[in-house]
Amino acid sequence: MAEADISHLIQARYGPTVSSGITPAGAVIRNSTIKTLLQHRSIRHFLPEKLPEGTLEIIIATAQSAATSSNLQTWSVVALDNDNKDEAATLCGNQDFIRQAPLFLVFCADLDRLTKVSAQHELRGEGLEYTDMFLMASLDAALAGQNATIAAEALGLGTCYVGAARNKPLELAQLLGLPPRVIAVFGLAIGRPNPSKPTAVKPRLPQKEILHKGMWRVDGRQAANLAEYDSTLASFNAGEKRESVPAWTHRSAKRIEKVESLHGRHVLKDALQQTGFNLR
Ligand SMILES: Cc1cc2nc3c(=O)[nH]c(=O)nc-3n(C[C@H](O)[C@H](O)[C@H](O)COP(=O)(O)O)c2cc1C
């Protein structure tokens, strides 16, 4: 790959008018993994074709290759390719791309397995009742999900995460027959992107805003950084014919303005309690 390709991808990641200050050199220039990562975009339009035989299993093998806290592997996944997928789509914010996608993976925090392992060894499993274990399980699931995403994208497939898997946690748990101490933390729709609905790479915050070297930086530049990003995303949205989308700062503030904007996820603490997590 020519140097210009990676530079072009980095430019797209931060927006055409922003200087990233990054000059790719050496092995980076030819690295296909870095290229795959820089090209990520969420896909919400899929072709109806099934995935090739064995794709699910290889994607899950890569998901299981992610690091996992203390090798506890506190996650499991429910793969939906037909049965239950439409109902799951309805429960997950009624998002049609989930119905379109040939595969929908529901990644779960799973403390049931360790509950059983504790019983097997006649030990108390007291640690399972602390918030850190749920965080650990969610982190394990997230790392697995991201490996699955990268694998799918490396195979030319598209993906979209579905946080709306937490909109109706108890209903989804019932639909999928989840045991106590297992809860869906996110979904991942996977399929072949529909080429007639291309999706552009969405720019991120300027690196200077999120990267702190050695110590948290307080340089009074945050307002300017955010204004720069508002402008970058406004240009991006204009290019996508979405001029009516509010500025990123405004949209983000609206997203967290009220409990209603959680789309039902405000009950998560109760749902965890009801499904046996009993977190302290
Ligand atoms: C945990 C998580 C949950 C998400 N949930 C949804 C979702 O329910 N529906 C959706 O359309 N996109 C969802 N997304 C995708 C984000 O909107 C998307 O990643 C973000 O806008 C950045 O765009 P990009 O992925 O194309 O770069 C989710 C992403 C993550 C990481």
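This briefing covers an annotated span, a strand sheet, one arginine and the cysteines of the structure above.

The model is a predicted one, in which local features need pLDDT of at least 70 and side-chain atom pairs count only at pLDDT 80 or more, while totals for chains, interfaces and linings use all residues. Residues are numbered from 1 along each chain as its sequence is written, and side-chain values use heavy atoms, with hydrogens and water left out.

**Annotated span**

- According to an unreviewed UniProt entry, the annotation "domain: Nitroreductase" covers residues 38-188; UniProt positions follow the numbering used here, feature names are shortened, and annotations may be inferred rather than shown by experiment.
- Residues 38-188 are 42% helix and 17% strand, and the end C-alpha atoms of this span lie 19 Å apart; helices (H or I, at least four residues) and strands (E, at least two) are DSSP runs, numbered from the N terminus.

**Sheet**

- Four strands form an open sheet in the order S1-S2-S4-S3, with antiparallel pairing, where two strands pair if DSSP finds at least two bridges between them.
- Strand S1 (75-80) and strand S3 (158-162) are the edge strands, each pairing on one side only.
- On average, neighbouring strands of this sheet are turned by 25 degrees against each other, direction ignored; the axes are lines fitted to C-alpha atoms, for helices over the stretch in contact, and angles run from 0 to 180 degrees between N-to-C directions.
- S3 and S4 pair in the antiparallel sense over five bridges, and Gly 158 stands opposite Gly 191 in S4.

**Arg 181**

- Arg 181 lies in the loop between helix H8 (169-176) and strand S4 (182-191), and this residue is buried, with a relative accessible area of 13% (buried means under 20%, exposed over 50%, partly exposed in between, with a 1.4 Å probe and protein chains only).
- The side chain of Arg 181 makes a polar contact with the side chain of Thr 115 at 3.0 Å; such a contact is a pair of N or O atoms within 3.5 Å, where within protein one must be able to donate a hydrogen and the other to accept it, and residues adjacent in sequence count only if both atoms are side-chain atoms.
- Leaving aside neighbours within four places in sequence, Arg 181 is in contact (heavy atoms within 4.5 Å) with residues including Asp 110, Asp 112, Glu 129 and Phe 277.

**Cysteines**

- The structure holds zero disulfides, a disulfide being a pair of cysteine sulfur atoms within 2.5 Å.
- Cys 108 is buried, with a relative accessible area of 2%, and its sulfur is too far for a bond because the closest cysteine sulfur, in Cys 92, is 11 Å away.
- Cys 160 is buried, with a relative accessible area of 4%, and the closest cysteine sulfur to that of Cys 160, in Cys 92, is 11 Å away, too far for a bond.
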